Amino acid sequence: MKLKLDIDPDIVAMMAAEVAAGERAVTAAMREAGTGLKSAWRLQITGAGLGTRLANSIRNQNFPRSGESLDAAALVWSKAPVIVGAHDTGPLIRSKDGFWLAIPLPAAGKSLRGGRITPGEWERRRGLRLRFVYRRTGPSLLVAEGRLNTKGQAVVSRSKTGRGKVTAPIFLLVPQVKLPKRLDLARDADRALDSVPGLIVGNWIEGRIRK
């Protein structure tokens, strides 16, 4: 027995059209999901009081970068992953050398390099020596003998009589710090993932209506 199969050109065209419609729907859905997740993460970061600069570190990229595909995907990431990740997980932070974490107090001022000033930088800039003060209850201290300027920062006292001289706490010393968890990025990521099927169907139906 010999069989012959003839494929109707209209069916071929219909199948090609369905594939094209699927590619458009999936690509549009992934683009919407990625953009939505980026916006949700940025809103979380600003809502947690971490500032717009860190929020703007959240970026997204669609794949393929041009054209449409049934394998379309969206990548959402941060350009400051260490900082964002720390606020997302709430890690326990310990000193690198196994001793103390020095937390600057207002009298310490700010670092010239940005961020928190270290005890070494503080001594070099102020020309004062820090003295360790152990406290059995509460954090220990690094203090300095000097005076407080108009900004409330400890500086060298030029008084020969000792007038205005104080013992100023400059750093708190703690063995470790538990960073509070301020973000829940997985929550928004799960919501974005769950929305994808509905977005695909919605875009597919919308494409048919437009026709």
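The structure is a predicted model, in which local features need pLDDT of at least 70 and side-chain atom pairs count only at pLDDT 80 or more, while totals for chains, interfaces and linings use all residues. Residues are numbered from 1 along each chain as its sequence is written, and side-chain values use heavy atoms, with hydrogens and water left out. Helices (H or I, at least four residues) and strands (E, at least two) are DSSP runs numbered from the N terminus.

**Nonpolar cores**

- A nonpolar core is a set of buried Ala, Val, Leu, Ile, Met, Phe, Trp, Tyr and Cys residues joined through side-chain atoms within 4.5 Å; buried means under 20% relative accessible area, exposed over 50%, and partly exposed in between (1.4 Å probe, protein chains only).
- The largest such core contains 14 residues, and Trp41, Ile45, Leu50, Leu54, Val84 and Leu183 have the most contacts inside it.
- At least two residues of this core come from each of helix H1 (9–47), helix H2 (52–55) and helix H5 (185–210), and H1 gives the most, with 3 residues.
- Another core, of 13 residues, lies apart from the largest one and includes Ala108, Ile117, Leu142 and Ala168.

**Leucine 50 and histidine 87**

- Leucine 50 is in contact (heavy atoms within 4.5 Å) with Ile45, His87, Arg182 and Leu183, leaving aside residues up to four places away in sequence.
- Histidine 87 belongs to helix H3 (residues 81–89) and is buried, with a relative accessible area of 12%.
- Leaving aside residues up to four places away in sequence, histidine 87 touches Leu50, Leu179, Pro180, Lys181, Arg182 and Leu183.

**Helix H4**

- Helix H4 spans residues 119–126, and Glu121, Trp122 and Arg126 are buried in it.
- These residues lie on the same side of H4 because they cover an arc of only 110 degrees around the axis, the arc being that of the directions from the helix axis to the C-beta atoms.
- The elements covering the buried residues of H4 include strand S6 (140–148), strand S7 (154–155) and strand S8 (166–174).
- Glycine 127 follows H4 and has a positive phi, near 70 degrees.

**Lysine 79**

- Lysine 79 is located in the loop between strand S2 (73–78) and H3, and is exposed, with a relative accessible area of 56%.
- Not counting residues up to four places away in sequence, lysine 79 touches Ser57 and Arg59.
- From C-alpha to C-alpha, lysine 79 and asparagine 56 are 8.7 Å apart in space, although 23 residues apart in sequence.
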